[in-house]
Amino acid sequence: MKKLKRSNDAKISGVCGGIAEYMNVDPTVVRLGTVALALFTAVIPVGFAYIIALAVMPEDGV
């Protein structure tokens, strides 16, 4: 059973890396999608979602 958790493959905090591992895709694709979504939505909604995910997602190995 897969669990959504922050990754050790972290550029900032591991949120995008953890989502990529959960969905079995390349982390770069998730990171680029996050940046594109942030640019199209004026950054603030994606920033809040990222902070919430950072607070909710456990670290890998915990």
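**View 1. The buried residues of helix 3 are V46, Y50 and A53.** In this legend and those below, buried means under 20% relative accessible area, exposed means over 50%, and partly exposed lies in between, with a 1.4 Å probe and protein chains only. Helices (H or I, at least four residues) are DSSP runs, numbered from the N terminus. Helix 3 runs over residues 44–56, and its 13 residues reach 18 Å from the first C-alpha to the last, close to the 18 Å expected at 1.5 Å a residue; the expected span is 1.5 Å times one less than the number of residues. What covers the buried residues of helix 3 includes helix 1 and helix 2 (27–40).

The model is predicted, so local features need pLDDT of at least 70 and side-chain atom pairs count only at pLDDT 80 or more, whereas totals for chains, interfaces and linings use all residues. Residues are numbered from 1 along each chain as its sequence is written, and side-chain values use heavy atoms, with hydrogens and water left out.

**View 2. S13 sits in the segment before helix 1 (15–23).** S13 is buried, because its relative accessible area is 17%. The side chains of S13 and Y50 are joined by a polar contact of 3.0 Å, a polar contact being a pair of N or O atoms within 3.5 Å; within protein, one must be able to donate a hydrogen and the other to accept it, and residues adjacent in sequence count only if both atoms are side-chain atoms. When neighbours within four places in sequence are left aside, S13 is in contact (heavy atoms within 4.5 Å) with R6, Y50 and L54.

**View 3. In helix 2, the residues P27, V30, R31 and A38 are buried.** Because they cover an arc of only 100° around the axis, these residues are on the same side of helix 2. They pack against helix 1 and helix 3, while V29, L32, L39 and F40 are exposed on the other side of helix 2. F40 counts as exposed because its relative accessibility is 73%.

**View 4. The largest pocket holds about 230 Å³ of space.** On a 1 Å grid over the protein atoms alone, a pocket is an open set of points where a 1.4 Å probe fits, with protein on both sides within 12 Å along at least five of seven lines, and lining residues have an atom within 4 Å of a point. The lining is made of 16 residues, of which I12, C16, T34, V35 and Y50 lie nearest the centre of the pocket. Helix 1, helix 2 and helix 3 are the elements that give two or more residues to this lining, and helix 2 gives the most, with 4 residues.

**View 5. N24 lies in the loop between helix 1 and helix 2.** Phi of N24 is near 55°, a positive value in a residue other than glycine. N24 is exposed, with a relative accessible area of 62%.

Definitions and conventions: Points joined across faces, edges and corners; volume = space filled by probe spheres on them. Arc of directions from axis to C-beta.
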